[in-house]
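Here are some notes for a first look at this model. Please read them with the structure open.

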Amino acid sequence: MGKIIGITGGIASGKSTVTEFLRQKGFQVVDADALVHQLQKPGGRLFQILVEHFGEKVLLEDGELDRPLLASLIFSNSDEREWSKQTQGQIIREELMVLRDKLAQTEDLFFMDIPLLFEQDYASWFDETWLVYVSPDVQIERLMNRDQLSKESAKTRLASQWPLEEKKKFATYILDNNGSREQLLSQVVTLLEGGDAHARD
Ligand code: ADP
C-alpha cells in the first residue's frame with residue numbers, strides 16, 4: 001500500500017503554494033477545489049443540482065454558473081450553507097474517492113489538497129495530514145489581497161471554516177506560513193525527507 005498525505009489549511013493559508021511545489025517535485029496532487037470547479041461546469045454533477053436547487057438565476061448568459069452569486073447565496077444563509085455542505089459534500093466525496101483509488105494503484109506517495117479535510121471528516125483517508133497554518137490577521141490580509149475582497153467579505157468567508165487554531169489539534173504536522181514562501185517550502189522539504197521538525201506541539 002502506498003502512502004497518502006492530506007494537505008489542508010484555511011482559505012488563503014498557502015495550500016496552493018505548497019501543492020504547486022509538490023507538483024514541481026514530481027508528485028501527484030489531487031486538488032479538491034479544482035475538482036469542484038470541474039463538477040460545476042455545464043453538464044457536471046454539481047452544476048445540475050445547483051441549477052435545480054437555486055433556479056436559472058444562477059446561470060450567466062454563456063450558460064456557466066455565476067460563481068460569485070452562488071457564493072453569496074450560500075455564504076449568506078445558514079440553511080443554504082447546510083444544504084450545500086450535505087448535498088454538494090456527498091457528490092464531492094464520491095468523486096474524490098474515485099481519484100484517490102485510481103492514484104493508489106500507481107503512486108507510492110501522493111497528496112490530496114482538501115480545504116475542508118477536518119470539517120468534512122476526511123482524516124481517516126490519510127496516513128498523515130499536513131496543516132498549512134497562518135495567524136488570523138495574516139490570513140485575512142492575504143485573502144483580501146488575493147481575491148480583492150473587503151475585510152468584511154473576507155471575514156464572512158473565513159467564518160464558514162473552522163479556525164486554523166482549532167485544526168492544529170487534529171493535524172499530524174503543522175507548516176507555519178506566517179513567514180516567507182521560502183520558509184514555508186523548507187518545512188515541506190524537511191517533511192519529505194522524513195524529518196519531524198514541525199510536529200505539532
Ligand atoms: P490557498 O491555496 O490556501 O487558498 P494560496 O497558496 O493561494 O492559499 O495563498 C494565498 C495567497 O497568499 C496567495 O496570493 C499567495 O501568493 C500568497 N502567499 C502564500 N504564502 C505566502 C507567503 N509566505 N508570503 C506572502 N504571500 C504568500
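1. Domain bounds, as used here, come from an automatic or database domain assignment. The model is predicted, so local features need pLDDT of at least 70 and side-chain atom pairs count only at pLDDT 80 or more, while totals for chains, interfaces and linings use all residues. Residues are numbered from 1 along each chain as its sequence is written, and side-chain values use heavy atoms, without hydrogens and water.

2. The largest pocket holds about 1700 Å³ of space. Among its 49 lining residues, Ile 11, Asp 33, Phe 75, Pro 115 and Gln 161 are the closest to the centre. A pocket is an open set of points on a 1 Å grid over the protein atoms alone, where a 1.4 Å probe fits, with protein on both sides within 12 Å along at least five of seven lines; lining residues have an atom within 4 Å of a point. Points are joined across faces, edges and corners, and the volume is the space filled by probe spheres set on them.

3. Domain 1 (1-28 + 110-201) and domain 2 (34-106) each give at least three residues to the lining of the largest pocket. Helix α5 supplies the largest share, eight residues. Helices are DSSP runs (H or I, at least four residues), numbered from the N terminus.

4. Leu 103 lies in helix α5 (residues 78-104). Leu 103 counts as buried because its relative accessibility is 15%, buried being under 20% relative accessible area (1.4 Å probe, protein chains only). Beyond its neighbours within four places in sequence, Leu 103 contacts Gln 28, Val 30 and Phe 110 (heavy atoms within 4.5 Å).

Notes:
Helices (H or I, at least four residues) and strands (E, at least two) are DSSP runs, numbered from the N terminus. Buried means under 20% relative accessible area, exposed over 50%, partly exposed in between (1.4 Å probe, protein chains only).
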